[in-house]
Amino acid sequence: MALLIVLITSSVIILASSQPCQTPDDFVAATSPGHIMIGGLIAIHEKMLSSEDYPRPPEIQKCVGFEISNFLQTLAMIHSIEMINNSTLLSGVKLGYEIYDTCTEVTVAMAAALRFLSKFNCSRETVEFKCDYSSYWPRVKAVIGAGYSEISMAVSRILNLQLMPQVSYESTAEILSDKIRFPSFLRTVPSDFYQTKAMAHLIQKSGWNWIGIITTDDDYGRLAVSTFAIQTSANNVCIAFKEVLPAFLSDNTIEIRINQTLDKIIAEAHVNVIVVFLRQFHVFSLFSKAIERNVNKVWIASDNWSTATKITTLPNIKRIGKVIGFTFRTGNVSSFQSFLQNLHMLPTNHNKPLNEYAMLLSACAYVKDSDLSQCIFNHSQGTLAYKANKDVDRNFSLRNDFLWDYTEPGLVHSIQLAVFALGYALRDLCQARDCQNPNAFQPWEQIPSKCSKECSPGQMKKTTRSQHICCYECVNCPENHYSNHTDMDHCLLCNNETHWAPAKSTTCFEKEVEYLNWNDSLAVLLLALSLLGIVFVLAIGIIFTRNLNTPVVKSCGGLMVCYVILLCHFLNFASTGFFIGEPQDFTCKTRQTLFGVSFTLCISCILTKSLKILLAFSFDPKLQNFLKCLYKPIPIIFTCTGIQVVICTLWLIFAGPAVEENVSLPRVIILKCEEGSVLAFGTMLGYIAILAFVCFIFAFKGRKLPENYNEAKFITFGMLIYFIAWITFIPVYATTFGKYLPAAEIIVILISNYGILCCTFFPKCYVILCKQDTNTKSAFLKTIYSYSSHSADNLAMSHVSLDSTNSNITMTNPSCGGKPAAWQKSTDLQAQAFAHMGKENATHAPKTWPRKRISSI
């Protein structure tokens, strides 16, 4: 009997030793000691082998189907914990971890959760029953995971017993946002509500209204489809069919259901868009079959598989059609790439997934990278008896890039956020406690008693879809809004006309009033140029006054005309000062009026000079008679200037310029002069342009004058400068905005004023100061004599030619021996010039030539 008992005992031991989980420690996938232990739930394998015994014993079976992407999630969690341990976030406190493989099975995950809740530092793996767990010390302080919503829901219900914080990096089921049912559940990804809303919006905008859905037979799939159906119905989109696949690979009917689903897709020929709420291994099997059967559709991917390398690297994947996916925003995960490059240096003695990966990599040593993932998956379906050898380390170093190619940056970033969220919560707890002592705090102390964290000033509450008003998100106040208390329901609007506020502001700030200030560097430069122009005007006036009786000054029309033109230039330069400084009603009205009238008077005087030059040197009888009738200097000046005075007066009376505040800019108020009537402003400038154009025509006609009397040529240049400046001003004025708009008009006033001043007076000043020998009466008359002789000869030849062809021509001046008046004028000019030269050459010669005052001088 004793022998039988021994045999039975031996048999049981042998049978037990054949099982993959003999002790609870065998159940741990990866572990590392620390002052504070963090649990992890990651589906490293895709399914658990089912027992062939009947009835099936309640034991954890071996997991198969090693999945590279999930193995990378394990490495990402380890890397994130090491980042915290190597930083100063928890100075002197080390985080440890216990990571368990859920095998994509709720049962296995529940077993891991029970171990998380087992009593800390107890030789027996026991979970005590208590009515109050406030003083209970569990094995871990918090849990990272799980990835799949179905597993997270089940685990969360157990962890809620002790309010142990659970932070998921991938579970998106909307129901997990309910803080009544899942008070200790947190996540670093948005719920499916936002994803399904985006999908429905995409379908509606794309013009699709007849779609199919494929999902899984679990809470995640059912909830996602339910939410999506509500969204699509609101957008007038109809669902042609809903196909449901078994949630777990351990279900033997999964292949049959995939084939039936493809039959349904092929039968529904009018359905070209299919929304897929599946896991990666479902999509892998579905697309593999779809490629074989040449199914070509538009597939809308959920975040579960939209960026999965396992899917995108399927052979002939492009044959299935187009895939449009949604994924999470990613961050900088470059440090994880460096971690993978040094993976061979990571200790493997307490890391079973890493050991298994090493053995699988050795078994697939001669497989190319594109087939390596499938090779590893296939080899992991059975039991491996490989032992690590020399080639394993070498394969690690040679194939680290393969792991990076399979990395999903968004998922890695989400895991980092989950681990660091716990790290920051622990930092706040450990500021007043010695966290090197494992009993320094309870897990539930990491969870705030509020459903949502209070919103700080500068933020407002944004309620979620939860029915509870205590659950909300904190969002920053937008620009021009503020909140000055915590937990405000809405942000207050600033007075946009006088105040502004940046995003997340706690108060409003007064807008800064801007205008072209006297201290502005551009304004100083423009004022300096205006003052320089005034200095030039005064200098020219002094020079002309001291050389009053010289031919050059007399040829300008006399000192009075010169003074009037110089006064106009002075006023033009002075008017620029009214464009600078804080706008006032007086300055706004004065600046345009002063410029318009003074510039018109200046152009009018130059117009009479151009007309006078053309009259003096015109040898065309008809044109000369016309110019004589037209040439009335004082009436011309008064009439031209008077018209402008009338325009400006009507402008000031009916729609004069006034001060205006431009409050359209977000942070400043532009104080400017509004011109009142744009039509009146344009009429004033247009009238000056007409006068300048007439002046240009007259000056251009008389441009071929003696070298010492080439004023018409310079007037032509001056008018051209004016036209170029103001033509350029129009688009600049129309497109310039802000405080520098007056500077644009100042610049064009200075350019046109300097242009006319320089062309009108600088050549004469040059002759007066530098060529005094040509500024004598004799030299002047000699030049006129030469020019008039040449012009008279040309005119005589022209008349001879005319006489030979037409004997009936009427002479314009019969009193001068049948010669025309122009001929007689030329003769008079020659006579006077010759007499003056003869007088200077022979002072005692008798005055036999009559002297006549020539109007052109």
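User: How many helices and strands does the protein have?

Analyst: Helices (H or I, at least four residues) and strands (E, at least two) are DSSP runs, numbered from the N terminus. Here the secondary structure comes to 27 helices and 22 strands. The model is predicted, so local features need pLDDT of at least 70 and side-chain atom pairs pLDDT 80 or more, while totals for chains, interfaces and linings use all residues. Residues are numbered from 1 along each chain as its sequence is written, and side-chain values use heavy atoms, leaving out hydrogens and water.

User: Which residues touch the most other members of the largest nonpolar core?

Analyst: A nonpolar core is a set of buried Ala, Val, Leu, Ile, Met, Phe, Trp, Tyr and Cys residues joined through side-chain atoms within 4.5 Å. Buried means under 20% relative accessible area, exposed over 50%, partly exposed in between (1.4 Å probe, protein chains only). In this core of 66 residues, they are Phe544, Phe595, Met684, Met719, Trp726 and Phe761. Among the helices that each supply at least two residues of this core are H20 (585-616) and H24 (711-735). Apart from it lies another core, of 55 residues, including Ile36 and Leu403.

User: What is the phi of cysteine 103, and where does this residue lie?

Analyst: Most residues other than glycine have a negative phi, and most peptide bonds are trans. Cysteine 103 has a positive phi, near 55 degrees, in the loop between strand S5 (95-101) and helix H4 (106-117). Cysteine 103 is buried, at 1% relative accessible area.

User: Which peptide bond is cis?

Analyst: The one from glycine 145 to alanine 146, with omega near -5 degrees. Alanine 146 sits in the loop between strand S6 (142-144) and helix H5 (149-159).
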